[in-house]
Amino acid sequence: MTDCKKRLSARARKQRSCSKMEDCLIEDQTTFYSKAEHYWKEVPPTVDGMLGGYGSISSIDINGSKKFLQKFLGEGQGKTGTGCALDCGAGIGRITKRLLLPLFRTVDLVDVTQEFLDKARTYLGEEGKRVENYFCCGLQDFQPQPERYDVIWIQWVIGHLTDDHLVEFLRRCRSGLRPDGLIVVKDNVAYEGVIPDDVDSSVCRNLNLLRHLVSKAGLNIICEEQQQNFPEEIYQVHTLALR
């Protein structure tokens, strides 16, 4: 799952903003997750589909992510290895193909939509042979293998998790890291509060809440950047490196 969201007008933000994620949930958690699964089953398995109609920004996104990630990779004290990466909410493998496979020996993908993972097997081409696992699972239920990953990449998918499930997932990711491993979260951020999206059954959190949830998971933000050169009409996108 992955999506680049348009930002709301100031009036709409005020009308719809919540102080915390649970206040935005009208239905129970089961319905919140099932609606999201249904939404993504109707999305075409294309780059444009993965980016909510903003396929044209894919190269800008990948280039920004690569520049960010390469600061941490290499050899030496505190550097992150390049053995295995995990692509969370991988969709058809857009990030795996253009960011992770060029930098890591092997990659695993996890996504809740089986059709996307099936498409990834052809979309990734010859390099897809270096993908070891395709996990069809929602992140609220996914358990990374302990100490398997050098980098766990989580992009445009945390809005599909409740606050509690996001904290629990980040904790499980922490246990899935190799020594000096890194978790990267890249996502839309709201200007204030939590903005619900009824279309795809997700939320957009502000930075302060996201930072709080990261801290609650026992992780530290070691680097934080705003993605540049995205269209003005979409929410700001920030990238956070966690350990």
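C223 is buried, because its relative accessible area is 17% and the cut-off for buried is under 20%. This value, like the others in this report, comes from a predicted model.

**Cysteines**

C137 counts as partly exposed, with a relative accessibility of 22%. A disulfide is a covalent bond between the sulfur atoms of two cysteines. A search of the whole structure finds zero disulfides. C137 is therefore in no disulfide: the nearest cysteine sulfur belongs to C136 and is 7.7 Å away, whereas a disulfide needs two sulfur atoms within 2.5 Å.

**Accessibility of some residues**

| Residue | Relative accessible area | Class |
|---|---|---|
| D111 | 1% | buried |
| S65 | 2% | buried |
| G89 | 6% | buried |
| C223 | 17% | buried |
| C137 | 22% | partly exposed |

**Positions listed in the record**

An unreviewed UniProt entry lists G89, R94, D111, V112, T113, L139, Q140 and Q155 under "binding site". Where do G89 and D111 lie in the model? G89 is in the loop that runs between β1 (84–88) and α6 (94–100). D111 belongs to strand β2, which covers residues 106–111. The side chain of D111 has a polar atom 2.8 Å from the backbone nitrogen of G91.

**S65 and its surroundings**

S65 is part of helix α5, residues 58–69. Its side chain makes a polar contact of 2.8 Å with the side chain of K186. Apart from neighbours within four places in sequence, S65 is in contact with L99, W153, Q155, K186 and Q227. Among these, Q155 is also one of the positions that the UniProt entry lists for "binding site".

**Nonpolar cores**

The largest nonpolar core has 35 residues, and the members that touch the most other members are C88, I152, I154, F169, L170, I183 and L242. Two or more residues of this core come from each of α3 (29–41), β1, β4 (149–155), α8 (163–175), β5 (177–189), α9 (207–216) and β9 (236–242). Which residues does I152 touch, not counting those up to four places away in sequence? They are L86, C88, C173, L177, L182, I183 and V184. Of these, C88 and I183 are also among the members of the core with the most such contacts.

**Helix α9**

The buried residues of α9 include L207, L209, L210, L213 and V214. Why do the buried residues of α9 line one face of the helix? Seen down the helix axis, they fall within an arc of 165°, so they line one face. The face turned away from the buried side carries N208 and S215, which are exposed. The cover over the buried residues of α9 includes α8, β5, β6 (194–197), β7 (202–205), β8 (221–226) and β9.

Both ends of the helix can be described as well. At the N-terminal end, α9 is capped by N206, which has a side-chain oxygen 3.3 Å from the backbone nitrogen of N208. Just after α9, G218 has a positive phi of about 85°.

Note on methods:
Residues numbered from 1 in each chain as written. Predicted model: local features only at pLDDT ≥ 70, side-chain atom pairs only at ≥ 80, totals over all residues. Heavy atoms only, no water. UniProt positions renumbered as here; feature names shortened; annotations may be inferred. Helix = DSSP H or I, 4+ residues; strand = E, 2+ residues; numbered from the N terminus. Buried < 20%, exposed > 50% of the residue type's maximum accessible area, 1.4 Å probe, protein only. Polar contact = N/O pair within 3.5 Å; in protein donor to acceptor, adjacent residues only side chain to side chain. Core = buried A, V, L, I, M, F, W, Y, C linked by side-chain atoms within 4.5 Å. Contact = heavy atoms within 4.5 Å. Arc of directions from axis to C-beta.
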